[in-house]
Amino acid sequence: LFTKNLFLFVSIAFVCLIILSAISFFYVTDQNVSIFKHYLQQKNSIVLKEKAKNIITELKMYNARSLRKISRILKRKIRSDRTIHAIYLYKNTADENYFLLKKVLSNHRTFKSTAVNKKVRKNSKTNYLKNAKYKIRIDHQLYKNKSFYWYTVYAPYLQKKRNIYSFYIIE
């Protein structure tokens with residue numbers, strides 16, 4: 001009887017230790033993943049902002065003013081940089097909450113299917129298009145469509161008509 005109770009007590013103690021170890025392991029890995037995720041987002045933001053700044057600099061360097069010239073430069077950029085999925089060119093409208101989608105530049109059919117010359121309003125807590133009128137904004141949500149993953153970068157390119165374009169970038 002004594003050995004049976006001792007065996008039962010030791011077994012229960014080991015089961016409790018295993019469960020406690022599993023819970024603490026889950027907690028520690030969850031904390032480390034959140035730290036790692038935050039670090040990756042921070043570093044990824046730097047890369048995405050620099051990529052957008054480089055594109056804006058290239059547009060300014062070629063003095064791109066017309067939609068045709070901007071499109072030509074950006075098409076060349078999409079072909080040379082495989083990390084850029086698509087670039088959506090938006091133009092401001094009279095209502096500051098709405099934007100007109102002027103052009104969709106992409107090498108993938110998935111993104112080309114979007115209707116051009118259609119009024120768009122981003123329905124989210126953070127209206128990135130509206131907030132990207134003066135500086136680069138990054139949507140940190142990772143999007144997925146079939147086999148594509150991407151982050152969205154909203155960057156302004158100011159000119160007479162104040163086009164705002166958005167980059168869809170694979171990571």
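Visitor: Is L20 buried or exposed?
Guide: In this predicted model, local features need pLDDT of at least 70 and side-chain atom pairs count only at pLDDT 80 or more, while totals for chains, interfaces and linings use all residues. Residues are numbered from 1 along each chain as its sequence is written, and side-chain values use heavy atoms, with hydrogens and water left out. Buried means under 20% relative accessible area, exposed over 50% and partly exposed in between, with a 1.4 Å probe and protein chains only. Because its relative accessibility is 55%, L20 counts as exposed.

Visitor: How much accessible area does the nonpolar patch with L20 have together?
Guide: A patch is made of residues with over 30% relative accessible area and no salt bridge, where nonpolar side chains (Val, Leu, Ile, Met, Phe, Trp, Tyr) are joined within 5 Å and like charges within 9 Å. Accessible areas come from the Shrake-Rupley method with a 1.4 Å probe, and for residues only the protein chains shown count as cover. On the surface, F2, L6, F9, V10, F14, L17 and L20 form this patch, and their accessible area together is about 770 Å².

Visitor: How many salt bridges does a search of the whole structure find?
Guide: A salt bridge is a side-chain nitrogen of Lys or Arg within 4 Å of a carboxyl oxygen of Asp or Glu. With that definition, the search of the whole structure finds three.

Visitor: In which helix do E50 and K53 both lie?
Guide: E50 forms a salt bridge with K53, with the closest N and O atoms 3.8 Å apart. Helices are DSSP runs (H or I, at least four residues), as are strands (E, at least two), numbered from the N terminus. The two residues are three apart, about one turn of the helix, and both lie in α1.

Visitor: How many residues apart in sequence are the parts that K51 and D81 tie together?
Guide: The side chains of K51 and D81 meet in a salt bridge at 3.7 Å, N to O. Because K51 lies in helix α1 and D81 in the loop between α2 (67–80) and β1 (84–92), the pair ties together parts whose separation in sequence is 30 residues.

Visitor: Which helices each supply at least two residues of the positive patch?
Guide: Lys and Arg count as positive and Asp and Glu as negative, while His and the chain ends are not counted; the place of a charge is taken as NZ of Lys, CZ of Arg, CG of Asp or CD of Glu. K75, R79, R109 and K112 gather in this patch on the surface, and R79 has its place in helix α2. The helices that each supply at least two of its residues are α2 and α3 (109–112).
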